[in-house]
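Reader: I would like to go through the terms used for this model one by one. Please set each value against its cut-off.

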Amino acid sequence: METRILSKGLAVSALGLGCMGMSEFYGPRNDEESMRVLNRAVDLGVNFFDTADMYGPHHNEKLLGRFIRETKPQAVIATKFGIVRDGKAYSRTIDNSPDYIRLACEASLRRLGLECIDLYYVHRVNTQHPIEETMDALAKLVTEGKITHIGLCEVNASTLRRAHAVYPVSAVQSEYSLWTREVEESILPACRDLGVGFVPYSPLGRGFLTGNYTADSRFGADDFRGNLPRFADENLRANLALVEVVKQLAAERQCTPAQLALAWLLAQDQSIVPIPGTKKQRYLEENVAATTIGLSTAEINTLTRAIDQQRVWGERYTQEGMKGVNV
């Protein structure tokens, strides 16, 4: 698979693997199946794996730790700190204090079974702690050899620039897809200006852009999409118009809607590395095949113009989930 450079010293496969859904949020988990997916990803050339301490909570890092221990892959491991949950509850607080950063990093290292984390993200920013203070604490962890690169999640351009002035930021991770394009306004231009890589999560719109959902689709009690505004009955029906555009253009291109959506993202910039998540091998293989679909400038422009004409209905998250987003 093609290698992309997120920033100096941070080269990864053009497509990464988001591991969150292997632990929760998208229905029941199956660790053995997830292990098969992780190993198949390595076979297919994926070497960039994304997790966080709050996924599970903690289960996802432990699963990745088992994968690392058993497979010993030549992999780039990214994890995150900052979102603190009370058990399985969705409610959260955000902690960016220096003392917490150190404790969180050391706990992640233990769960992952690593001596050093390749890419350590601030999962969400708490404005009560200046970003400069957070970056100072993370820079100390770099000096101590506990982390190699620093990343930020869901920040605005001003916060990125302030952080980067203290210590180089290697990557920004935010939601980005054909139906979530707010990052194009300021954060993506800032990343390009500073030489910071961009990692889109939910590049398939939490599965919506696959074209597998209808107005009658319902989600189980353990699938958090059932509580997201965009998947509410009225919004779900309205948003299907956007998916129909993707399905039509994918049919013309003789690929799946998911592959078209990923190919569009990959074509936006060479420093963009999407991390679609899945716990099924067939979807992993479908997603990886998207890296071989080269869209022409005309095809990219046609898809972009068609999507521009569609309104997206509903917020990305509930009010609770929006804590620390775009700050």
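Reader: What makes the lining of the second largest cavity five nonpolar, one polar and two charged residues?

Author: The model is predicted. The lining of the second largest cavity consists of Leu188, Cys191, Arg192, Val196, Phe198, Asp269, Ser271 and Ile272. Leu, Cys, Val, Phe and Ile count as nonpolar, Asp and Arg as charged, and the others as polar; therefore the lining has five nonpolar, one polar and two charged residues.

Reader: Which helix gives the most to the lining of the second largest cavity?

Author: Helix H6 (residues 187-194) does, with three residues. The volume of this second largest cavity is about 40 Å³.

Reader: How do you know which class the residues of the largest cavity belong to?

Author: Its lining is made up of Glu175, Trp179, Arg206, Leu228, Arg230, Phe231, Glu315 and Arg316. Glu and Arg count as charged, while Trp, Leu and Phe count as nonpolar, so the lining divides into three nonpolar, no polar and five charged residues. The space in this largest cavity is about 50 Å³.

Reader: What makes the span of helix H1 close to the expected one?

Author: H1 (residues 31-43) has 13 residues.

Reader: Why are Glu33, Ser34, Met35, Val37, Leu38 and Ala41 of H1 called buried?

Author: Buried means under 20% relative accessible area, so each of these six names in H1, Glu33, Ser34, Met35, Val37, Leu38 and Ala41, falls under that cut-off. Their cover includes strand S3 (17-18), strand S4 (48-50), helix H2 (59-71) and helix H9 (281-289).

Reader: Which residues have the most contacts inside the largest nonpolar core?

Author: Leu17, Phe48, Phe49 and Leu138 do, in a core of 106 residues. Helix H7 (residues 233-253) gives this core its largest share, eight residues. Phe49 touches, among others, Leu17, Leu38 and Ala41, leaving aside residues up to four places away in sequence.

Note on methods
Residues are numbered from 1 along each chain as its sequence is written. This is a predicted model: local features need pLDDT of at least 70, side-chain atom pairs count only at pLDDT 80 or more; totals for chains, interfaces and linings use all residues. Side-chain values use heavy atoms; hydrogens and water are left out. On a 1 Å grid over the protein atoms alone, a cavity is a set of points where a 1.4 Å probe fits but cannot get out, and a pocket is an open set with protein on both sides within 12 Å along at least five of seven lines; lining residues have an atom within 4 Å of a point. Grid points are joined across faces, edges and corners, and a volume is the space filled by probe spheres set on the points. Helices (H or I, at least four residues) and strands (E, at least two) are DSSP runs, numbered from the N terminus. A nonpolar core is a set of buried Ala, Val, Leu, Ile, Met, Phe, Trp, Tyr and Cys residues joined through side-chain atoms within 4.5 Å. Buried means under 20% relative accessible area, exposed over 50%, partly exposed in between (1.4 Å probe, protein chains only). Contact means heavy atoms within 4.5 Å. The expected span of a helix is 1.5 Å times one less than its number of residues.
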